[in-house]
Structures are given as C-alpha cells and as structure tokens.
Amino acid sequence: MSFEEALQLAAQDKQTAQHITAHTPEGSIASGSSISILSTPPNATESEPHSSDDLDEQDEENTDQNDDGRQGGITDGISCLNPRIRVEWRNLADEDKRSYVRAVRCLMDKPAKSNQIPPSAGNSVYVQLAWVHVVMAPVAHGTDLFLPWHRYYMLVFEQLLRDECGYRGPLPWWDETRDMGNFAGSGLFTDEYFGELPEIKDGGVEPCITTGVFANTTIDIGSRTQSNTSNSSSTASECVTRGEHRELTGQVHWGWVELCEGMTQYTNMRECVEQGLHAYGHNGLGRVMSQPATSVRDAVFFVHHSMVDWQWKRWHDGDREGRTTLATTTAMSMDGGAAAARGGSETVLSSRGLYPDLTVADVLDTENYRICYRHDYS
Ligand SMILES: [Cu+2]
C-alpha cells in the first residue's frame, strides 16, 4: 500500500466513523459484542500472583527486583502492577544487546524439544518456532488476526528465550522510522549483533549473512508447501541472505505511525499497519525477510514485529475504553480444533502446543494482568 492509498483509506475510515456516529446515539464503535477486557477478571478472588499457565507465569526473578535493579511484569492476578518494558534497540545497554542476540542464537543451537513440532530430526527450538509461523501464516496475515496472533507469537518467543536460554533482559523493539532510508545505520547490523546489511541496488545480489551472531545460519524449515508464497527465491535450506533496498526503507516514515493510529476502525488500522510499515520493513530487508511465511529465518524478524506490535499498542492507548474488541473478526480456525467455532475476541491463538493457547481477548491490552508489558516510549 502506498502512503497515498493509506490516506484514502483514512478518508474512508473517517466517513465510516461519521456514519456510525449518525446511526448510533452513543457514537461509539457499533459492536453488540464488545468485551471489556478490564472488567471482572476470572478468579479475581483467588488473587494468585502467578497463573499456573506457563505463558502467564512471571518468573520469580522477574516479579522481584532483579539483580541489576530491573523490574517487570509484576501482576497480582488482577491487574498489571508493574509491566515489563520493551526497550527500543538504541536504549538498550550494550550488555543487554549482547545477551539478547546470544539468547536468540541459543534458540537456534538448542535441540528441538522432544515430542514437539515439527516431527523431523535435527531441528532446533528456533526452527520449531519458525515452523509455527509458517503453518499459521495463512490465517495470521491479511486478516484481523494479524495483530493479535503476532502479539501472542512474540510472547511465545519471549518465553522461549527465558525458559530455554535463560534470558532475563527486556525484549527489544526497533523504531524503524528513525532509520528511514538507512536501516544499515540503526546500530543493529554490526559484527557484534545481527551482522551486515549491505545496500542492494538494481539487480544486485544479496549476500549470505557471514558476520555477526547469526553468521552462516540456515534455519531449515523443511518443506515449504505450506508457506503460501509464490516467490520461491528463498528456499528454506539456503543460507539466510539480507540486503537493504533503500527505495523501500525510504518509505518507512513517521507519517505512517500517525496515519494508522488515527483510524477509528480496527480493520482499517490493521490494514494500514500491516501494509504500511510492516510491509516496507519486511520487503526493504530483502528476499528472506520479504517472504510472508518464512521470514522468521532472519532473527531481525522479532525486533521488526516488536515495532509492529508497538503501533497497535499506540492505537489502543488512543482510546483505552472503546478499543477493546476486534468488532469485525469472524471465527477462524487457528488449530483446526473445537475452538474454531469461537470467533471475535474469543478466537483462540495457537502456537501448536509450544505454549498454551491464549485468546484474542487475552492480548487486546498489553497492560492487562495476563501479559503485562509496555514499551519504553510511545
Ligand atoms: Cu507473520
């Protein structure tokens, strides 16, 4: 989507908003099934500080003051008392940057959890995680589930870092608008961290990543039959290549952030985010990152999607009372199970068993007692 097209979408969005205002006396989003996620949390009387659910669980280390004084994710089972903070890459201490990329690399080197997916030998935890993205790609892109499923996916990723690789630092996000047209200058693409990001001009060939913590990795996801991509230029067993296409990264400007968060309808905002900064960031980083299903092969995926999540969070903060439901989400199957019948905010978000499912309602507000995080700035 070009920025001009996004402006048109914004104009339509405003007309729709006026239309709704004219026909509903309350003037709010017309949804009969709005679910307030802040009201009446389940088991409120039990007030357990920790849920038994793995994904909700806040580690002992993390519910108390950490060694380094960092706090985060403190919840009393009712509200999010002290959220974990996701830190923009440049605001992370060098030591945290190093331990973050090492922890991600650790997921790549760690043998797959037994009896877990996918069922083939020689896989790593990271490949399992990437595989989950491949199988979920058709429902998790181009639909209203794009934002909630990827939020859940980021939480699964964070929990794997903690459980499998002992990571205790904050999850980083990358404010790409600060690097418009020069992603290479972001500080991510150095020998110490993600490795090189060469500029690719017309017809240039993107090299394999041979420097940095992820040098010479392949991330073989195996069969790509479910990857839902028509472009076969990135086969799963090839090296991970990367290159900056500045005609695309040059589109990553702050105007998108404000335009998307100005939308009144969830679906319009989602489309604006997905086809705006999300798409330009992916495509601007070359052929591995531009594959919708298999882009997780490049670990930079996660700092990118952390930024996408930040955009949704900003939108939600614009109207915390009203933006508490995905009014138009219909029932979709994420796992083929019985949960498929439930739609809207009750739609189940699945990681195919890596961690317990959550629902859309669980992740609509990052500052609820279940997921309890926010970003270092908005
Ligand atoms: Cu995705």
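# A walk through the helices and one buried leucine

Start by selecting helix α4 (residues 125-140) together with helix α5 (residues 146-165): their axes are 11 Å apart, and the two pack at an angle of about 170 degrees. Angles over 145 degrees count as roughly antiparallel, so that is the label for α4 relative to α5. Keep in mind as you look around that this is a predicted model.

Now show the side chains where these two helices meet. On α4, pick Val125, Leu129, His133, Met136 and Ala140. On α5, the partners are Phe146, Trp149, His150, Tyr153, Phe157, Leu160 and Glu164. Colour the α4–α5 contact by class and you get nine nonpolar residues, two polar ones and one charged.

Stay in this area and select residues 141-158. An unreviewed UniProt entry lists this stretch as "domain: Tyrosinase copper-binding". What is the chain doing over residues 141-158? There the chain is 72% helix and 0% strand.

Which hand does the crossing of α7 and α9 have? It is right-handed. To see the contact, select Val257, Cys260 and Glu261 on α7, then Gln311, Arg314 and Trp315 on α9. This α7–α9 contact holds three nonpolar, one polar and two charged residues.

For the next stop, go to leucine 354. You'll find it in the loop between β5 (348-349) and β6 (358-359). Is leucine 354 buried or exposed? A residue needs 20 or more C-beta neighbours within 10 Å to count as buried; leucine 354 has 21, so it is buried. In sequence, leucine 354 and isoleucine 117 are 237 residues apart, yet their C-alpha atoms are 7.9 Å apart in space.

Finally, zoom out to the whole chain. Switch to a cartoon view and look for ten helices and seven strands. The chain has 378 residues, and 46% of them count as buried. How much of the contact pattern comes from residues 24 or more positions apart? Among the contacts with a separation of 6 or more, such pairs account for 67%.

Definitions and conventions:
Residues are numbered from 1 along each chain as its sequence is written. This is a predicted model: local features need pLDDT of at least 70, side-chain atom pairs count only at pLDDT 80 or more; totals for chains, interfaces and linings use all residues. UniProt positions are given in the numbering used here, feature names are shortened, and annotations may be inferred rather than shown by experiment. Helices (H or I, at least four residues) and strands (E, at least two) are DSSP runs, numbered from the N terminus. Axes are lines fitted to C-alpha atoms, for helices over the stretch in contact, and angles run from 0 to 180 degrees between N-to-C directions. Angles under 35 degrees count as roughly parallel, over 145 as roughly antiparallel, 65 to 115 as roughly perpendicular and the rest as oblique. Two residues are in contact if their C-beta atoms, placed from the backbone, lie within 7 Å. Ala, Val, Leu, Ile, Met, Phe, Trp, Tyr, Cys and Pro count as nonpolar, Asp, Glu, Lys and Arg as charged, and the others, Gly among them, as polar. A crossing is left-handed if the near helix is turned anticlockwise from the far one by less than a right angle, and right-handed if clockwise. A residue is buried if 20 or more other C-beta atoms lie within 10 Å of its own, exposed if 12 or fewer, and partly exposed in between; C-beta atoms are placed from the backbone.
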